[in-house]
Amino acid sequence: MAAASRGLLARLRGLPLSRPRLLPPSHLFSAEPLVSHPDDDDGGGGARIIEARSGVMGPSSRRTGVIGVKCGMSAMWDKWGAKVPITVLWVDDNVVCQVKTAEKEGFFALQLGAGQKKEKHLTKPEVGHFRAQGVPLKRKLREFPVTEDALLPVGTTITVRHFVPGQFVDVTGITKGKGFAGGMKRHGMSGMPASHGASLSHRSIGSTGQRDAPGRVFKNRKMPGRMGGVQRTVKNVWVYQVDPARNLLYLKGQVPGPQGSFIFVKDSIYKKPDTTLLPFPTYFTQEGESEDLDPLIADLGDVDPFMAAD
């Protein structure tokens, strides 16, 4: 045993030793790209440095989205006197909490946090995640895939001016939970006859299969079950108005989710907005800019907004 130990130590002494790389405690569990020291001889080249500055959006660029809170629905009237159904979203203090790059995670994405939450209401891993990134404790986290030119540094604030009135967005949310529902409510079935001869089967779905062949019920058969409470995306929603003073976003029509739920908004995929009008990678507040700004309303000239949004 002693001879084997001496042989192992001799082999370890012969291995080339490299200078260890010490990291500050705030970066031990951080996903933020590191800046390599000039004296490092690891051969990895220059590290990625992300700066918060405006750029030019290309045809293949993909911006981040925002996290909103559904305040409810209302109505507004345009200059033609037409009533426009409006859903109001509150962009509650969106901050970039983590940057994911191709060098570390294999893809480019931004993790956004919204709202506020006390430390006692978070788990220890969640608190450690926020502490390592150096951002406030957030109530909701959401990851948005972006392109390399749309990366933002940790701590960047995303306001409602990230979107412009008149553009189209895709809205994702969790639909209202309806509980266990029957076939008529869940799938729109017509039910059984409501006249004589139907005993206690007026709202029944009817037969669900055949006889001895095949002797089973086929998969994906529409039956009663739990309804709602699933993630759904409404595409091509028109941005009617932006209120920078109160950080409110006014969308035309309905969006999934009950009042008070979190809604995720991003640029539309099918009806792409004009890249020259969008702030890229986001809107940066200028120094000395007043926060008491008037709401920005979509100006379509002589075009009826109902015809433009169809």
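Colleague: How many helices and strands does the protein chain have?

Modeller: This is a predicted model, and its protein chain has four helices and 13 strands. Of its 310 residues, 36% count as buried.

Colleague: Why is Thr101 called buried?

Modeller: Its relative accessible area is 4%. Buried means under 20%, so Thr101 is buried. Thr101 lies in the loop between β3 (94-100) and β4 (109-114).

Colleague: What makes the pair Thr101 and Glu103 a polar contact?

Modeller: The side chains of Thr101 and Glu103 are joined at 3.3 Å. The cut-off for N or O atoms is within 3.5 Å, and the value for this pair meets it.

Colleague: Why is β3 described as largely enclosed by the rest of the structure?

Modeller: Seven of the seven residues of β3 are buried, so the strand is largely enclosed.

Colleague: What makes β3 and β4 a pair, and in which sense do they run?

Modeller: Five bridges join them, in the antiparallel sense. A pair needs at least two bridges, so β3 and β4 qualify. Gln98 stands opposite Gln111 in β4.

Colleague: How many bridges join β3 to β6?

Modeller: Two bridges join β3 to β6 (residues 157-158), and these strands run antiparallel. The requirement is at least two, so this is a pair as well. Here Asn94 stands opposite Ile158 in β6.

Colleague: Which residues of helix α2 are buried, and what covers them?

Modeller: In α2 (residues 124-133), the buried residues are Val127, His129, Phe130, Ala132 and Gln133. Their cover includes β3, β4 and β5 (140-145). Gly134 follows α2 and has a positive phi, near 75°.

Colleague: Which residues touch the most other members of the largest nonpolar core?

Modeller: Leu110, Val169, Val171, Leu249, Leu251 and Val265 do, in a core of 45 residues. Among the elements that give two or more residues to this core are β3, β4, α2, β7 (168-174) and β11 (248-252). Another core, of nine residues, lies apart from it and includes Val84, Phe168, Trp238 and Ala298.

Colleague: Which residues does Leu251 touch, not counting those up to four places away in sequence?

Modeller: Among them are Pro85, Ile86, Leu89, Val169, Val171, Val237 and Tyr240. A contact needs heavy atoms within 4.5 Å.

Colleague: What share of the contacts between residues at least 6 apart in sequence joins residues at least 24 apart?

Modeller: In the protein chain that share is 73%.

Colleague: How much of the accessible surface belongs to carbon and sulfur atoms?

Modeller: Carbon and sulfur atoms account for 54% of about 19,400 Å².

Notes:
Residues numbered from 1 in each chain as written. Predicted model: local features only at pLDDT ≥ 70, side-chain atom pairs only at ≥ 80, totals over all residues. Heavy atoms only, no water. Buried < 20%, exposed > 50% of the residue type's maximum accessible area, 1.4 Å probe, protein only. Polar contact = N/O pair within 3.5 Å; in protein donor to acceptor, adjacent residues only side chain to side chain. Core = buried A, V, L, I, M, F, W, Y, C linked by side-chain atoms within 4.5 Å. Areas by Shrake-Rupley, 256 points an atom, 1.4 Å probe, with all protein chains shown as cover.
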